[in-house]
Amino acid sequence: MLCRTAENRDLRFGGPFDTIKEPDFSMPVSIRVFGDYSLRIFDGGLLIKTIIGTADQPDNEVITNFVGRQLLNAMGELVSEGVIDHTIPILGIKSQSTEIMDATIAKLNPLLAQNGIQLVRFGDFTIHLKA
């Protein structure tokens, strides 16, 4: 994938977002997400300069680890804020998948663009809640 400009598919991401206080019942809820995404390198030189060139051993994992961390951060903020302000319900959170994916792509692509990367789409992802 290093600097390949075609869409790179089936890249995995996942992990915990946060533990938040569910607003209706005041219970702590741990939120985790797992899924896959596709990305495209649109500026290989910029990618090398900003991410690959700063790594001790540059390889594809440097890119996927960077994007995966950014995905968790962006999606975690969006979901946590949505639950707290009642725009994303805890019960039935899967029904908000399309909105969560679209909002995450819109939030994350400007940051990724600074590194020559574009988040193209999500495959499937699952949000797990644990009270």
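How many of the 131 residues of the protein chain count as buried, as a percentage? The answer is 43%, where buried means under 20% relative accessible area, exposed means over 50%, and partly exposed lies in between (1.4 Å probe, protein chains only). This is a predicted model, in which local features need pLDDT of at least 70, side-chain atom pairs count only at pLDDT 80 or more, and totals for chains, interfaces and linings use all residues. Residues are numbered from 1 along each chain as its sequence is written, and side-chain values use heavy atoms, with hydrogens and water left out.

**Overall build**

- The protein chain has three helices and three strands. Helices (H or I, at least four residues) and strands (E, at least two) are DSSP runs, numbered from the N terminus.
- In sequence order, the pattern is β-β-α-α-α-β.
- The C-alpha trace spans about 50 × 25 × 20 Å along its principal axes.
- Contact means heavy atoms within 4.5 Å. Among contacts with a separation of 6 or more, 73% join residues 24 or more positions apart.

**Surface and charge**

- The protein chain has an accessible surface of about 7200 Å². Carbon and sulfur atoms hold 52% of that surface. The areas come from the Shrake-Rupley method with a 1.4 Å probe; for residues, only the protein chains shown count as cover.
- There are 12 positive and 16 negative charges, and their mean positions are 4 Å apart. Lys and Arg count as positive, Asp and Glu as negative, while His and the chain ends are not counted. Each charge is placed at NZ of Lys, CZ of Arg, CG of Asp or CD of Glu.

**Backbone angles to check**

- Most residues other than glycine have a negative phi.
- Aspartate 10 is not a glycine, yet its phi is positive, at about 60 degrees. Aspartate 10 sits in strand β1 (residues 8–21). Its relative accessible area is 60%, so aspartate 10 is exposed.
- Histidine 86 also has a positive phi, near 70 degrees. Look for histidine 86 in the loop between α2 (60–84) and α3 (97–113).

**Salt bridges**

- The whole structure holds five salt bridges. A salt bridge is a side-chain nitrogen of Lys or Arg within 4 Å of a carboxyl oxygen of Asp or Glu.
- Glutamate 7 pairs with arginine 121 at 2.9 Å, N to O. This pair links distant parts of the chain, 114 residues apart: glutamate 7 is in the segment before β1, and arginine 121 is in strand β3 (residues 117–130). Arginine 121 is partly exposed, with a relative accessible area of 40%.
- Glu7 and Arg121 also belong to a network of salt bridges that includes Arg9.
- Aspartate 36 pairs with arginine 12 at 3.9 Å, N to O. Aspartate 36 lies in strand β2 (residues 28–41) and arginine 12 in strand β1, 24 residues apart. Aspartate 36 has a relative accessible area of 14%, so it is buried. Arginine 12 has a value of 66%, so it is exposed.
- Lysine 94 pairs with aspartate 124, with the closest N and O atoms 3.5 Å apart. Lysine 94 is in the loop between α2 and α3, aspartate 124 is in strand β3, and 30 residues separate them. Lysine 94 is partly exposed at 46% relative accessible area. Aspartate 124 is exposed at 53%.

- Threonine 19 is in strand β1. It is partly exposed, with a relative accessible area of 48%.
- Leaving aside neighbours within four places in sequence, threonine 19 is in contact with Pro28, Val29 and Ser30.
- The side chains of threonine 19 and serine 30 make a polar contact of 3.1 Å. A polar contact is a pair of N or O atoms within 3.5 Å; within protein, one must be able to donate a hydrogen and the other to accept it, and residues adjacent in sequence count only if both atoms are side-chain atoms.
- Glutamine 70 is 51 residues from threonine 19 along the chain, and their C-alpha atoms are separated by 18 Å.
- Asparagine 109 lies in helix α3. Its relative accessible area is 17%, so asparagine 109 is buried.
- Beyond neighbours within four places in sequence, asparagine 109 is in contact with Gln118 and Leu119.
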